[in-house]
Amino acid sequence: MEAELLNDIVEWAGEVASIGYWSYDPKTGQFTWSDQAARLLGFTPGVMTPSNESFFEVLAANEPESPGREFDDCLSHDSPFVLERNIQTAGSGERRVRVIGKKRAASSNLSERLVGIVQDTSHEHARQQSLGTALRWLETASEIACLGYWYLDVTKQNLEWSDEVFRIHGYEPGAFIPELDRAIDAYHHEDRERITEAVQRGQETGEPWSLHARLVQRDGSIRQVMARGKPLYEGGRLVALFGVLQDITDQEKRLAKERLFVSLVQQTPEGICITDTDGNCEWANEAFERMTGFSSSEMHGQKPGQLLQGPETDPETVARIAKALEARKPYSCEILNYRRDGMPYWTRLSIFPHFDEHGELTHFMSIQIDVTEQRKAEEKLAEQTRSLELSNFQLSRQRSSAEIIARKDREIREELETAVAQSRELQDELRRLAHFDELTGLPNRRHVLERAEAELRRSVRYGRPLSIVITDIDHFKQINDRYGHQVGDDAIRHVSTLLANSLREEVDMCGRIGGEEFLLLLPESEVTAAALLAERLRKLIEESPLRCGANFTCSFGVAERDTHETLEALIKAADSKLYEAKNGGRNCVHF
């Protein structure tokens, strides 16, 4: 009775734990299994007669080898075995089972035999697979995000690293056993004290930390990292520190480029304003603030046109701007605006839409150049031209009246001829003043930009190369301060002569576009040829002092019309390279 009760208890416990037991007598060939073992193997208890053949057949159904070898090894060498197999059952489909066996020595009542258990490990196997998948996903995500994690047992001072932490340090995962001192020594010597203090403070006070630091890899290269950590407690007692280490080198490089771009945009003399898709101002640079008198904060959220346009602003020009914005197309024009104090000014306005990688409009950007003085000069020239035309008309009338005044015919004719000659000279002088720089005799900014626009259109139309070079005199203010403005003017004339004499006649053009700044227009020239010319000019200027003995140098920026479809973009590219040359030590060529 007690044996039956014990057997029932074992069967019940096996059902609860999904464990069945089996035994095999190799001498008699007798194989027995419990009811639960039969169920786990897919048999109905009491229907299938237990045998090692049926046992092996179930376990080998999805495997290339039968478990008979493990049975033989266990009997011959007294080697326990553990098998993990996927089996097919009629009612439950596929099941994962663990079979454990060991040799039991003969006793007075029983002969030598193998005994063991069968256990359903389907849920355990699924959890392990799920955990393995989650760990692989975590490692993959860590590698993609350049984010590793670590764990420090504060009692044993055992430090563990994830694979990505090894990679951030420049090592293969598991290359060595990490230690706290070695981990801290890997930081840049200027950052170690901060890291050490943060770790110590975390252990003493439980305070989490987040630090931006530099990590020195084993090849000496430096990586920018964000190191974060926090203490872990159990029962109010500090047991470990856990943290993450993220490689932010690429992000820092992008931020540095963004800061450089913002600096360049802030320093450019052109006014720049960026609006949202509805035309509301989001940002304006300092030149825009100086030009308009409105601060960036005052402009924010406002429509620039509503603040800057006034009673004399041409409504047709405003309508054309609105039509271009609605069509999401670039547009350029000259328009009369009004400053914050009400003073009018003329500006050359260029508006460009900006689209994201999906082609969605995100912003509009406008660039404004104050052309008030240029407009005044043009109006003065037009007035003088009208005056000359009136003079010519009056002279013509006087000439027709000469027959009536026969006695004074010769004197009047001579006076008319003199007046006409003076008028022509004045016209020629006005044309020269409108197109050429008075100090150097070179084409002025307007003239060279008009020619550049024409050459750019020809280059785009026929697919021909076109390069420009922008150069200016290094430390020009120091030349003025040391030798005086006369020598400064001599330096500008000297450079203009050297530049102009080095260009191809009837092909290239050199113009003065600023105080000590020149633009070389080089049609039919690729950027490499333009850079070689710039290098020859740089050496020529360096080796050609003024008569007073003053030496000076020039920096050069070179750009080619490849993807630059507008003159503004081409000039901006050359200006950017000139800026690099200035930052690169001056007296050099960047392209």
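**Ground rules**

I number residues from 1 along each chain as its sequence is written, and side-chain values use heavy atoms, with hydrogens and water left out. Because the model is predicted, local features need pLDDT of at least 70 and side-chain atom pairs count only at pLDDT 80 or more, while totals for chains, interfaces and linings use all residues.

**Whole chain**

I looked up the secondary structure first. The protein chain has 20 helices and 20 strands. These are DSSP runs numbered from the N terminus: helices are H or I with at least four residues, strands are E with at least two.

Next I checked burial. Of the 591 residues, 38% count as buried. Buried means under 20% relative accessible area, exposed means over 50%, and partly exposed lies in between (1.4 Å probe, protein chains only).

The chain exposes about 34,600 Å². Carbon and sulfur atoms supply 51% of that area. Accessible areas come from the Shrake-Rupley method with a 1.4 Å probe; for residues, only the protein chains shown count as cover.

I also looked at contacts, meaning heavy atoms within 4.5 Å. Among those with a separation of 6 or more, residues 24 or more positions apart account for 50%.

I then turned to an open sheet of 5 strands. Its order is E12-E11-E15-E14-E13, and the pairing is antiparallel. Two strands pair if DSSP finds at least two bridges between them. Which strands are at the edge? Strand E12 (281-284) and strand E13 (331-338) are, and each pairs on one side only. The twist averages 30 degrees from one strand to the next.

I followed one pair in detail. Strand E14 (residues 344-355) and strand E15 (residues 361-370) pair in the antiparallel sense over 9 bridges. Phe352 has Met365 in E15 as its bridge partner.

Helix H13 (residues 315-326) packs on the sheet and touches E13, E14 and E15. Its direction makes about 135 degrees with that of E13. Axes are lines fitted to C-alpha atoms, for helices over the stretch in contact, and angles run from 0 to 180 degrees between N-to-C directions.

**Two loop residues**

I looked up Gln157, which has a positive phi of about 60 degrees although it is not a glycine. Gln157 is in the loop between strand E6 (147-153) and strand E7 (158-161). Gln157 counts as partly exposed because its relative accessibility is 36%.

Glu524 is not a glycine either, and its phi is positive, near 60 degrees. I found Glu524 in the loop between strand E18 (517-523) and helix H19 (527-542). Buried or partly exposed? Glu524 is partly exposed, with a relative accessible area of 32%.
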